[in-house]
Amino acid sequence: MGKDFYIQPDAADPVLDPDAVLAIVRLHAAGAKAVRAVDESGGEARAYAIDNGLILKVQRPQQLRARTSLDKERFLLEQLAGLEGVCVPRVLGGGVAKPGIEYTLMTRMPGEPIHSARLDGDLRRRTLVDLGRMLRRIHAIPQQPVFEARLIPGDHTAADVRTRFGGLFDDAVAAVARAAQPWPFAVDPLQLARLAMRALPDADAWVALHSNPGLEHVFVDPQTGQLTGIIDFGDAYFSHPALDLRRWPRPIDRAAVHAGYCSEAEMSESFNQTWRVACVLTDMLAIAQDLECRAAGLVELEELVEQLH
């Protein structure tokens, strides 16, 4: 997909007046009463919480970029609607409202992001196993209609997937070079990246991915720890499924997501090897950027290098 660029970086970015927000919402939910909160954490979009169960997501004009699209997110959410074992927001409406406000109205995901719930131990593992199962079902939707919509960018050949991995390893090597802590692993980061790329098989699958089904986008019931769903498909792209599963820096978390993903059907050896390469990538980034995951990443990296040789 290349590097990000923003199409209109100097555009005004006002927070909408509550009356303007409600006017848009009432196009699809006539009984809407009040704006309860404004959430800026989405970056490319601003979210307005309406009453107790609605979210109005509005594209921030200065954050408009090629790979993020509310149209894309609405389309993908509609493909996933009603799918057994998949919980995502339900789209109630969307488009462009006067004066040029791009928006989506959707239901609010119950619960809270997993990083706020602070789940630990067996409860956290069970939740992440359930997440893996849900991701498998998301990846299993018919891909041809998604491709033909021409809304989602990404990879459609084994060469495309290999090129993406190469770029990600370039970024990881650069992150190691910028890190304050010295590189602690026996193999030089550039040599490690080359080893992983040599071990990467030709991809036998590429599907529409969420992009980052991680701590801020996975929701749980804070009391029970039960998985309630996944939000924010605005960065969806086509590539190898392992790239969705790798988004958990702690090896123990990643292993739980992977176990759930593989629990209902055996994976090909090509998939398993691509998964190992993706884990090398994640461990390199964790060692460079996340002190809490550094030690566990080193242990896993030792094992992965032995498996890749």
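Trainee: Where does proline 99 lie?

Mentor: Proline 99 lies in the loop between S4 and S5. The model is predicted, so local features need pLDDT of at least 70 and side-chain atom pairs count only at pLDDT 80 or more, while totals for chains, interfaces and linings use all residues. Residues are numbered from 1 along each chain as its sequence is written, and side-chain values use heavy atoms, with hydrogens and water left out. The labels S and H denote strands (DSSP E, at least two residues) and helices (DSSP H or I, at least four residues), numbered from the N terminus.

The peptide bond that leads from lysine 98 to proline 99 is cis, with omega near -5 degrees. In this hairpin, which has three residues between its strands, glycine 100 has a positive phi near 75 degrees. For context, most peptide bonds are trans, and most residues other than glycine have a negative phi.

S3 in turn pairs with S2 (residues 45–50), antiparallel over six bridges, with alanine 49 opposite isoleucine 55. The hairpin of S2 and S3 likewise has three residues between the strands. Aspartate 51 is located in that loop, and its phi is positive, about 50 degrees, although the residue is not a glycine.

How many of the six residues of S3 are buried? Six of the six residues of S3 (residues 54–59) are buried, so the strand is largely enclosed by the rest of the structure. Buried here means under 20% relative accessible area, exposed means over 50%, and partly exposed is in between, with a 1.4 Å probe and protein chains only. The cover extends to both faces of S3, with Leu54, Leu56 and Val58 on one side and Ile55, Lys57 and Gln59 on the other.

Three bridges link S8 (residues 218–220) to S9, and valine 218 is set opposite isoleucine 230. Contact means heavy atoms within 4.5 Å; axes are lines fitted to C-alpha atoms, for helices over the stretch in contact, and angles run from 0 to 180 degrees between N-to-C directions.

The buried residues of H4 include Arg124, Leu128, Leu131 and Leu135. Beyond S9, aspartate 232 occupies the loop between S9 and S10 (237–239). Phi of aspartate 232 is positive as well, near 65 degrees, in a residue other than glycine. With 24% relative accessibility, aspartate 232 counts as partly exposed.

The space in the second largest pocket amounts to about 250 Å³. A pocket is an open set of points on a 1 Å grid over the protein atoms alone, where a 1.4 Å probe fits, with protein on both sides within 12 Å along at least five of seven lines; lining residues have an atom within 4 Å of a point. Points are joined across faces, edges and corners, and the volume is the space filled by probe spheres set on them.

H11 also contains glutamate 300, which counts as buried at 15% relative accessibility. Leaving aside residues up to four places away in sequence, glutamate 300 touches Pro251, Arg254, Cys279 and Asp283. Cysteine 279 belongs to H10 (residues 269–289) and, at 3% relative accessibility, counts as buried. Cysteine 279 and glutamate 300 are 21 residues apart in sequence and 8.5 Å apart in space, C-alpha to C-alpha.

Note on methods:
Pairing = 2+ DSSP bridges.
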